[in-house]
Amino acid sequence: MSDQPSLSKPRPPPSTPPPPLPSIAAVVAGVLVTTVLVGSTLSDGISGDSVQARSFLADKRNLLNRYFAKFAWAWTTVLLLPFALSSALDRARGRPGVSPATLFARAAARWAAATAFWFVLTQRPYGRRSLFDHVYVASTACSVAGHVDAAACSAVGGAWTGFDISGHCFLLITSALVIAEELALLIPSSRPGAPLIRPSPATRLLRGLLVALVFLWWIVLSGTALYFHSFSEKLSGTALAVSFWLAAYRYAFPAVGIAT
């Protein structure tokens with residue numbers, strides 16, 4: 001026998017699982033926030049009446065604004081609640097003890113929370129003005145110093161303006177992120193250990209319509225980023241939408257048991 005010690009191959013280090021992929025909503029948030037930042041940066045270079053006159057998105061009266069963006073939350077609701085009901089039936093199928101009514105009630109609660117947030121900020125529970133309007137009125141001032149009312153400001157050729165939080169940025173991003181979170185519930189990889197879900201034809205149809213709606217919101221948001229509002233006004237609307245998404249879907253909804 002040889003006195004030399006036997007040589008053994010070193011054990012490979014234990015494999016570590018790959019980091020999880022970002023959620024659908026996180027990807028959507030990244031795309032939308034990037035759109036606002038890039039569009040706002042480019043807006044200074046393309047400003048001007050001649051450019052805006054040739055742009056469909058620069059016209060506030062275009063069809064997308066008049067019939068879709070103006071009623072963005074209504075479109076979201078009309079498609080999202082039927083999808084939530086249909087997907088609840090799909091997710092409960094083959095899972096003993098899981099009630100589709102409970103799953104739909106949770107989805108309805110999430111929608112109600114988002115609706116309340118939208119309503120408080122953009123509608124008129126405070127009288128004749130929304131909270132966004134109150135911010136605008138409270139911050140108005142004349143571009144010509146020494147004039148404290150709109151009439152006197154206009155008489156000297158000044159502009160009477162205030163801080164106008166971008167309602168488009170707030171509403172479109174909030175809607176897109178809420179939709180993305182609900183769509184993600186059908187993807188098993190977004191819920192560790194979840195069984196494969198086979199969507200019904202109705203669910204697939206509604207899912208396709210919701211994806212198309214998110215794409216439409218991205219187009220309208222691109223126009224807002226390029227042609228309307230100041231950078232800080234767009235950033236504030238965007239920050240409010242993203243803050244609601246993070247607070248609600250990452251903390252509040254899991255805490256009260258309605259995240260899925």
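Glu182 sits in helix α8, where helices are DSSP runs of H or I with at least four residues, strands are DSSP runs of E with at least two, and both are numbered from the N terminus. The model is a predicted one, so to speak of local features pLDDT has to be at least 70, and side-chain atom pairs count only at pLDDT 80 or more, while totals for chains, interfaces and linings use all residues. Residues are numbered from 1 along each chain as its sequence is written, and side-chain values use heavy atoms, with hydrogens and water left out.

Glu182 has a relative accessibility of 6% and therefore counts as buried (buried is under 20% relative accessible area, exposed is over 50%, and partly exposed is in between, with a 1.4 Å probe and protein chains only). Setting aside residues up to four places away in sequence, Glu182 touches Leu80, Phe83, Ala107, Arg110 and Tyr249; a contact here is a pair of heavy atoms within 4.5 Å.

Now for the chain as a whole. There are 10 helices and 2 strands, and read from the N terminus the order is α-α-α-α-α-α-β-α-β-α-α-α. Of the 260 residues in the chain, 37% are buried. Take the contacts between residues at least 6 apart in sequence: 73% of them join residues at least 24 apart.

The packing of α8 comes next. Two packed helices are described by the angle between their axes and the distance between the axes. Axes are lines fitted to C-alpha atoms, for helices over the stretch in contact, and the angles run from 0 to 180 degrees between N-to-C directions. For α5 and α8, the axes come within 12 Å and cross at roughly 175°. That makes the two helices, α5 and α8, roughly antiparallel (the label for angles over 145 degrees; under 35 is roughly parallel, 65 to 115 roughly perpendicular, and the rest oblique). On the α5 side, Ala107, Arg110, Ala114, Phe117, Trp118, Leu121 and Thr122 meet Phe170, Leu171, Val178 and Glu182 of α8. Sorted by type, the residues of this contact between α5 and α8 are 8 nonpolar, 1 polar and 2 charged; Ala, Val, Leu, Ile, Met, Phe, Trp, Tyr, Cys and Pro count as nonpolar, Asp, Glu, Lys and Arg as charged, and the others, Gly among them, as polar.

With α9, helix α8 packs at an angle of about 155°, the axes being 10 Å apart, so α8 and α9 are roughly antiparallel to each other. Their crossing is left-handed, meaning that the near helix is turned anticlockwise from the far one by less than a right angle, whereas clockwise would be right-handed. In α8, His168, Cys169, Leu172, Ile173, Ser175, Ala176, Ile179 and Leu183 meet Arg207, Leu210, Val211, Leu213, Val214, Trp217, Val220, Leu221 and Thr224 in α9. The residues of this contact of α8 with α9 come to 13 nonpolar, 3 polar and 1 charged.

Helix α5 (residues 100-122) also has α10 (residues 231-256) beside it: the axes come within 12 Å and cross at roughly 150°. This pair, α5 and α10, is therefore roughly antiparallel, with a right-handed crossing. Arg110, Ala113, Ala114, Phe117 and Leu121 of α5 meet Leu240, Phe244, Tyr249 and Phe253 of α10. In the contact of α5 with α10, 8 residues are nonpolar, none is polar and 1 is charged.

The largest nonpolar core has 46 residues, and those with the most contacts inside it are Ile173, Val178, Ile179, Leu210, Leu221 and Trp245. A nonpolar core means a set of buried Ala, Val, Leu, Ile, Met, Phe, Trp, Tyr and Cys residues joined through side-chain atoms within 4.5 Å. Beyond its neighbours within four places in sequence, Ile179 is in contact with Thr76, Leu80, Leu210, Leu213 and Val214.

Some other residues are worth a look. Trp75 belongs to α4 and counts as partly exposed at 33% relative accessibility. Trp75 and Ser175 are 100 residues apart in sequence, yet 9.5 Å apart in space, C-alpha to C-alpha. In the loop between α9 and α10 is His229, which has a positive phi of about 70° although it is not a glycine. Most residues other than glycine have a negative phi.
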